[in-house]
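Trainee: I would like to learn how to read the features of a model such as this one. Please show it to me and take them in turn.

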Amino acid sequence: MTTTLGFFTDTTLCIGCKACEVACKQWNQLPDDGFHLTGMSYDNTVALGASTWRHVTFAERALDGDPTNGARIAWKMMSDVCKHCERAGCLEACPTGAILQTEHGSIYIQPDVCNGCGYCVPACPFGVVARREDDGRAWKCTLCYDRLQGQLEPACAKACPTDSIQFGPLDELRARAEARVELLRVRGLDAHLYGEDGEAQPGTGGLHAFFLLADEPEVYNLPPAPAVPTHGAGRSWLAAVAGAAGLAALAFGSVLLSRD
Amino acid sequence: MAECHPVGFRWVMKAKERGAILIHVDPRYTRTSAVADLHVPIRAGTDIAFLGGLVRYVLEHERDFREYVVRYTNAATIISEAFRDTEDLDGLFSGFADGHYDPTSWQYEGIPIVPAAGHKEVVAQLGAGKREDHELDRVVNEHRDETLQHPRCVYQILRRHVSRYTPEMVSRICGIPEEQFLRVARALCDNSGRDRTSAICYAVGWTQHSVGVQYIRTAAILQLLLGNIGRPGGGIMALRGHASIQGSTDIPTLFDLLPGYLPMPHAEHSRDLGAYLRSHRSASGWWSEMPKYMVSLLKAWFGDAATKDNEYLFGRLPHLTGSHSHLQTIADMADGKVAGYFVIGENPVVGTVDGALQRKGLRELDWLVVRDFAPTETAEFWRVAPEIDRGEIRPEDIATEVFFFPAATHTEKDGTFTNTQRLLQWHHKAIEPPGDARSDLWFAYHLGRRLKQRYAGTTGERDLAIRALTWDYPTEGAHEEPSADAVLREINGYEVATGRLVDGFTELTDDGSTACGCWIYSGCYRKGVNQTARRKSRTEQSWVAPEWGWSWPANRRLLYNRASAAPDGTPWSERKRYVWWDPGQQRWIGHDVPDFFADRPPGYRPSGDARGLATIPGDAPFIMQSDGRGWLFAPSGIVDGPLPTHYEPQESVIENQLYGQQCNPAREQWVRRDSPYHMAARDRRFPYVLTTFRLTEQHTAGAMSRWLSWLSELQPELFCEVSPELAAERGLVHGGWATLSTARAEIECRVLVTRRVRPLHLDGQVVHQIGVPYHWGGVGRVRGDVANDLFPIHADPNVHIPESKVCTAQIVAGRRSQGRTAVIDGPTAIGGPDPGPDAVHRRDRPGISADTAPRKLEET
């Protein structure tokens, strides 16, 4: 297996320009998702889905009191994307083997294998993957698998003007992210990483597309403790065995006791 | 800047990472504010009060960079005794009569006329053609007091002029807390001087005002006082509004300019070349060279037909008979005085103010030609318009003949972009334009070719210009595309006899031996190499990166960079070393092309009879000025005052707190029944301040973005932004509809209620601001009303830019009724049935085929 590649998205550098959304749509020739004003700040995209593989979230956070910087709010922006989980719920749920982990460690849906069963959809703890209504198959970010074949970086990373989206070998990105968090904390910002490894996020085994956030995950529409459905499988089996053993004990016990 | 120049903003973010402090001054909290250290939400239209307050702070606390100010600006220069300031005349300067200023009393003491570089001749300005004796042009040995104590020295005049722009006054006018203003003042002062510099970036939020030029002047005064001009990390960056719009003023599509900011000649004042040159050039300073640029331009245009005997056919150039600005032309069109109109790559009925008046004008034309990628609202004025929707105008009654020509995009043609930082970058044709689409160059060339053919047999004197035009560009390909490369070479300039390309404008002559299409671009093809096509990576060259593209003039990246060194030629500090005098080589050297005579030592002083370039001392960085100094006080060249003054916008909610003179006395206005102004402050009918803005996702008047689904879905509908307080007051619902009206028009839009907009507290009253993006129109994949229809036709008198950033407005909840017009029924009248979601689709809409059918605009 070659080097694991991924995204490090530093939200403190995001200016909400949505170049990532447009670059992704253009490279992958994705259809639009309708033209509706949502009123959700400047987010008219709403969510990742079958035809939207980069989505910029906008959170207007009211600041209390009268801060001397003059603003009544802080505006937190983030470019959301498929997390390419180390332990991917969609991959585990897929019955056809359409979803696989590539040589780069990314999670990829083979469109010629996908049968549109939709099992992957509820299995994603982030709500990333969805089925397209017109052709029925599941679609999501490919980490620009085709561009990687040509030694090109993903379209979103290339388009991002402020390098909020950074692409490269995962261990390099992690080291860079840790240094960045330190720097921001020294400056007084409450910055932290999200999903940087399996220890931080056991429910997914860590994300290959991880984030630097300046607020609670919920502010960015991220679940605070995401877990793939099979994450609890071991415990479920143990609980089932324990329950069965308990029932068996009760049953045997009552039979033995009643024999007197 | 993050919204409108996101790619350029990359560098701001990098500066921030290196510790730069980012201060964002804007009525709205935008995506720039989100990453700024400080957001200052001033009232739209009050920047001169704000900047003037900063100027006063610098002067009162003596935070100016004193040596720079004394040596490099005209602070020490003494002004005529006849001068009277706005402090003396309650908001007017001396010399005001009949709606305009005579600047005679503004001149330096003892010098009747101080010429301004590149001043224009629309109004008979000082220096324009009335004198024979050009001795008066030289500005040498002007009266100065370098102790800055003389009561009539510029420094003291300036101090007095801004004396009442106190922090408390700034707070009253701009609606911000005093403490916030002081934070900005301290930050600027602390970060300016020998070791540190601060930069100011602005865009159309400053220019689109009736005092727009004076806004920029105030910033220039501030930056000169702080010693930030001509120094790395300093300066004033004018962010332009569109790609290559810098190029469109350099090689201008403006009525009053010739290439390189040479003035367009005036019919009365410049009857011949001699009169023109006498009235525009200066005998001192770099503008003394101007005749060489003018003659070389005429040789480029008229070739061999242009000779000394016929004054290089100067008389055949079109001469101005008045203002032919865009707004004046609109007014003339509405009055039936204009027969035809070319609209190329612009969409004025959406992008310019007072759409109703514009469309009235278009209806009066005999013919209209529009070139664009897709039909625009301007091209479709005859069937897509509010007055047509209301039934007031019928398309069948409009006699204008409309021609639409599809245009090639920048990937389908060769050419250059000249962007904000004066950088020329060549772009290469990648594919052929589809179908009938052609480049603007193709269109202009073939139109000219056909005109020349048509006029070839004529003998009339007035047809000589067309017959004599050199028009021999090579063409290539099936479409006979003219060579942009050949045009660029002509722009660079060449020796007429040999065809040798010149190295730069210093080689140009006024005797007809050189030709040059634009003197400031001269050098862009030096040594036969297309300098604008260079793309050396920044990782392979110095941080100034001089080998990426080519910057005018002469590839200088920072203008006036002589000012980055002290008068003795040494850098002001190691940290800010940029360009300096090397005594060993006896030359100016450094990180950039020195903006100075390479071999003129710092100690050079002109002799008493010096002329032209020899008049520039070795310590005068501002070589374009006749005295070589930065002008804190502008004796000429600006028609509405030598110093910037806070005036309220034409339509304002409050009286001018500083002067009895409410608005710019010299502003341009058109008093017309069909386009009224609302000039009553504190009027409950139009009590709110309205401003326009842009979004990253859409682009200008929408022709380039509202046809693209990937952009349109990001910002699909027109909306306004209001504070929660205003929403409560007017019953506006977040995500609902509102009708915005002004004295001229009304539009409907969705509502975003957001804390990013805040109420202002001004002189005892709460004032609400409303922001609306101006990208929408009635044509495209996503459509909406035209925000600029709300704004008045009214402009800055220096450059005729409309005041489209502020006016007074009313807002009511609910959709616009088709049968109601605010002007007729009153702005608060709510009448007529809700037209329903199909209202905007009532008339046939152009150019949308079945497989690109529009999605319905849904109401949530």
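Trainee: How many residues of chain B are in contact with chain A?

Mentor: Some conventions come before the count. This is a predicted model, in which local features need pLDDT of at least 70 and side-chain atom pairs count only at pLDDT 80 or more, while totals for chains, interfaces and linings use all residues. Residues are numbered from 1 along each chain as its sequence is written, chains are lettered from A and ligands numbered from 1 in the order in which they are written, and side-chain values use heavy atoms, with hydrogens and water left out. With contact meaning heavy atoms within 4.5 Å, 54 residues of chain B touch 45 residues of chain A.

Trainee: What area do chain B and chain A bury between them?

Mentor: The size of an interface is often given as the accessible area lost when the parts come together. Here buried area is the accessible area (1.4 Å probe) lost on assembly, summed over both parts. Chain B and chain A bury about 4,000 Å², with 55% of it on carbon and sulfur atoms. B:W710, B:E713 and B:R755 supply 20% of the area that chain B buries against chain A, more than any other three residues.

Trainee: How many salt bridges are there between chain B and chain A?

Mentor: Side chains of opposite charge can pair when their charged atoms come close. The rule asks for a side-chain nitrogen of Lys or Arg within 4 Å of a carboxyl oxygen of Asp or Glu. Between chain B and chain A the count is 8, and over all chains the search finds 65. One such pair is B:R756 with A:E60, at 3.0 Å from N to O. Another joins A:D163 and B:K14 at 3.6 Å. This pair runs from the loop between helix 5 (155-159) and strand 8 (165-169) of chain A to helix 1 of chain B. Helices (H or I, at least four residues) and strands (E, at least two) are DSSP runs numbered from the N terminus.

Trainee: Where is A:Q151, and what is its phi?

Mentor: Most residues other than glycine have a negative phi, and most peptide bonds are trans. A:Q151 has a positive phi of about 60° although it is not a glycine. A:Q151 sits in the loop between helix 4 (145-149) and helix 5 of chain A.

Trainee: Which residues does a cis peptide bond join?

Mentor: The bond joins B:W552 and B:P553, with omega about -10°. B:P553 is placed in the loop between strand 18 (550-551) and strand 19 (579-582) of chain B.

Key. Buried area is the accessible area (1.4 Å probe) that two parts lose on being put together, summed over both.
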